[in-house]
Amino acid sequence: MSNVILKNLTKIYDKKVIIDNVNLEIKNKEFIVLVGASGCGKSTILRMIAGLEKITAGEILIGDKKVNDIPPKDRDIAFVFQSYALYPHMTVRENIAFGLKMRKTDKKIIEQKVQEAAEILDLTEYLDRKPKQLSGGQRQRVALGRAIVRNPKVFLMDEPLSNLDAKLRVQMRAEIKKLHQKLKTTFIYVTHDQTEALTMGDRIVVLNNGVIQQVDKPEEIYNNPQNTFVAGFIGSPQMNFIDARINGTNLEFGGVQINGYGHLFDVRELTVGIRPEKMVCPQGEIKMSVDIEMTELLGSEKIVYFNIGNNRCSAKVPPEFLSDGKLELAFNKEDLYLFDKATGERIS
């Protein structure tokens with residue numbers, strides 16, 4: 001079993017709480033993604049699982065075995081860092097085999113494992129090259145190969161694609177997902193890129209200031225965010241947030257009134273959220289005209305920016321959309337998300 005359990009995990013640096021009482025169960029063979037802005041604590045959690053960072057309080061279990069006091073080399077994990085950390089004077093073959101040699105593994109077994117890893121990662125023809133003769137994507141695959149040959153219970157990956165260009169990142173996302181399917185082991189992947197999180201994870205853990213905001217499947221994270229942080233962090237462009245209020249049974253914002261909100265009589269000030277792709281619907285029942293501030297053409301779609309009251313908003317429209325300075329919005333009541341303005345929590 002290669003499940004990983006975090007119980008009340010806490011990390012404090014110089015009296016500052018970095019990780020605040022995190023509880024998480026990562027299932028055997030699951031691909032889970034920790035996502036959040038820089039400094040939210042996701043890499044710290046990964047390093048604590050690896051044993052590279054001491055924990056202040058709580059427990060870490062790998063395969064149902066408590067590993068708090070077990071050194072990194074004995075935790076049966078493999079860590080793939082943001083930098084490739086390859087030895088420049090060694091060949092690809094030697095880099096992949098290095099960890100096994102340090103463990104004094106039999107030479108025949110080393111050769112067999114290196115060949116298997118090279119085949120999985122399409123590196124066979126590069127085994128005798130030095131890292132400087134490889135592209136960024138190939139170097140990243142060598143770093144993955146070095147982890148694969150150890151046959152660990154758990155793979156830990158700390159933003160492994162951040163040094164690649166956009167095209168290579170897309171390619172390597174697919175490569176890592178295929179690798180997970182082939183190896184059938186547990187992957188814990190850290191990124192600040194919400195596109196990586198949505199496309200790669202079986203589940204996503206959204207972190208903010210060392211606190212888990214939501215853990216769920218990608219589609220649930222996107223369609224049912226539990227608060228404004230999750231709603232705003234996941235999605236590109238981010239969800240529109242508009243100041244609103246309840247007046248009797250009506251929801252009021254941007255000059256429109258929508259009936260049917262009498263059950264929220266005790267909430268006066270709130271925030272309405274709506275995804276940019278839901279702002280211009282052919283059958284939208286709620287109409288609003290806004291002044292366009294700017295547009296961005298992204299090839300298959302165009303992003304239009306405008307204000308509703310004091311709130312900066314955007315909408316996705318077809319690329320052929322032509323502007324006369326005005327945009328006619330049309331959206332539906334069921335596409336609105338309501339959040340408590342004071343706490344940011346979702347209101348049912």
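Visitor: How many bridges join β9 to β10, and do these strands run parallel or antiparallel?

Guide: Strands of a sheet pair through backbone hydrogen bonds, either parallel or antiparallel. In this model, which is predicted, β9 and β10 run antiparallel and are joined by five bridges; one of the partners to look for is Q214 in β10, which pairs with V206. The hairpin that these strands form has two residues between them, and there N209 takes a positive phi near 50°.

Visitor: Which strand does β9 run parallel to, and over how many bridges?

Guide: β9 runs parallel to β3, to which four bridges join it, and here V206 of β9 stands opposite V35. Five of the six residues of β9, which spans residues 203-208, are buried, so this strand is largely enclosed by the rest of the structure.

Visitor: In what order do the six strands of the open sheet lie?

Guide: The order is β6-β7-β8-β3-β9-β10, and the pairing is mixed. The edges are taken by β6 (77-80) and β10 (211-216), each of which has a single partner strand, so one side of each is left without a neighbour in the sheet. On average, with direction ignored, neighbouring strands of this sheet are turned by 15° against each other.

Visitor: Which strands does helix α4 lie across?

Guide: An α-helix has 3.6 residues a turn, so residues three or four places apart point the same way. Helix α4 (residues 136-148) lies across β6 and β7, running at about 170° to β6, whereas helix α5 (residues 166-183) lies across β3, β7 and β8 at about 160° to β8. Ten of the 13 residues of α4 are buried, so this helix is largely enclosed by the rest of the structure; among them are V142, L144 and I148. The buried residues of α4 pack against β6, α2, α3, β7 and α5.

Visitor: How many disulfides does the structure hold?

Guide: A disulfide is a covalent bond between the sulfur atoms of two cysteines. The structure holds zero disulfides. For C281, the closest cysteine sulfur is in C313, 15 Å away, which is too far for a bond.

Visitor: Is C281 buried or exposed?

Guide: C281 counts as buried because its relative accessibility is 15%, which falls under the 20% cut-off. C40 also counts as buried, at 3% relative accessibility.

Terms used: Residues are numbered from 1 along each chain as its sequence is written. This is a predicted model: local features need pLDDT of at least 70, side-chain atom pairs count only at pLDDT 80 or more; totals for chains, interfaces and linings use all residues. Side-chain values use heavy atoms; hydrogens and water are left out. Two strands pair if DSSP finds at least two bridges between them. Axes are lines fitted to C-alpha atoms, for helices over the stretch in contact, and angles run from 0 to 180 degrees between N-to-C directions. Contact means heavy atoms within 4.5 Å. Buried means under 20% relative accessible area, exposed over 50%, partly exposed in between (1.4 Å probe, protein chains only). A disulfide is a pair of cysteine sulfur atoms within 2.5 Å.
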